[in-house]
Every structure is written in C-alpha cells, then in structure tokens.
Amino acid sequence: MPILVYVEHHEGEPVTGSLGVLGKAAELGDDAALGVVADVTDLASMESAITAGVAKFGGIDVALANAGIASYGSVMAVDPAVFKRLIDININGVFHTVRAALPSLIEEGGSLVEKLVSCLSHSVSAKSEAVIS
C-alpha cells in the first residue's frame, strides 16, 4: 500500500534521519512510498504534498489528519506566540490536511480520519506529524 507521509519539524528543519519520514520512505522503496516534507500550517505546502502523492499514486484513498502539539501552563504563563503556534498546528493544520486531501478523497471514494487534538500530543510537542496513506 503506498504511503505518503509528511512532517513539519518544530524548528522548521525536516526530519531526515533513519527515523525520519524521508528515511522511512526510502526504506519502504520507491514503488511503495513517497516521503514529502511539508508544513501543516501552510495550505499551499499541504496542497503541494497531496499533489505529489496523487501524481505518484493516482489518488488518495485514506487521509489521517492528526497534527498536534501541546503547551502547558496557565493563561498567564503560556507565551501568546506559543499558543498561536499550537492553534496553527492543532486546528489550522488539520483543516489544511483535510482541505488539501478532500478533492482526491471524493474522487477516489476514500475515507477521512480526523482527530483535532491527539491525546499523545505531549509526546510529540517538538514536532507536528500528519500521515496520509
């Protein structure tokens, strides 16, 4: 089954090591996977990632919109810029993933799995991850 995975790293640097998305795609092989680095907070970036997947595999059958990070503290303690980033990833990132994938999902009769805030977001607070397969 082809897998399109894209990751936006918190510092803006792509995760490219053996555990990174590009390394995993290479491990699975060119016929089975496509690794694409994209920013879930940027609709154009997500549309480009989806376009690459559709071009390679002919369509998207299932989209999982599960971008999420966490920030802890009281309203007075949380930096407003950190909170804005949380909203950009957890809400806008999910919207951008769904918006970019929906045309292909409709055309292919595919499925959408949507989870606005991951219960595991505390373990991925350094990066946002969205997977499309």
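Trainee: What do the side chains of Asp 30 and Lys 56 meet in?
Mentor: They meet in a salt bridge, at 2.8 Å from N to O. The term stands for a side-chain nitrogen of Lys or Arg within 4 Å of a carboxyl oxygen of Asp or Glu. Before we go on, this is a predicted model, where local features need pLDDT of at least 70, side-chain atom pairs count only at pLDDT 80 or more, and totals for chains, interfaces and linings use all residues. Residues are numbered from 1 along each chain as its sequence is written, and side-chain values use heavy atoms, with hydrogens and water left out.

Trainee: Which parts does the pair Asp 30 and Lys 56 tie together?
Mentor: Asp 30 is in the loop between α1 (21-28) and β2 (33-35), while Lys 56 is in helix α2, so the pair links parts 26 residues apart in sequence. Helices here are DSSP runs of H or I with at least four residues, strands are runs of E with at least two, and both are numbered from the N terminus.

Trainee: Is Asp 30 buried or exposed?
Mentor: Asp 30 counts as exposed, at 58% relative accessibility, and Lys 56 as partly exposed, at 31%. Buried means under 20% relative accessible area, exposed over 50%, and partly exposed in between, with a 1.4 Å probe and protein chains only.

Trainee: How many salt bridges are there in the whole structure?
Mentor: The search finds two. Asp 88 also forms one with Lys 84, with the closest N and O atoms 3.0 Å apart. These residues are four apart in helix α3, so about one helical turn separates them.

Trainee: New topic: at what angle do α2 and α3 pack?
Mentor: Helix α2 (residues 43-57) and α3 pack at about 35°, with their axes 8 Å apart. The axes are lines fitted to C-alpha atoms, for helices over the stretch in contact, and angles run from 0 to 180 degrees between N-to-C directions.

Trainee: And which residues meet there?
Mentor: From α2, they include Leu 43, Met 46 and Ile 50, and from α3, His 96, Ala 100 and Ser 104 are among them. Contact means heavy atoms within 4.5 Å.

Trainee: Last one, what's the overall pattern along the sequence?
Mentor: The protein chain reads β-α-β-α-β-α-β-β, with three helices and five strands. Of its 133 residues, 34% count as buried.
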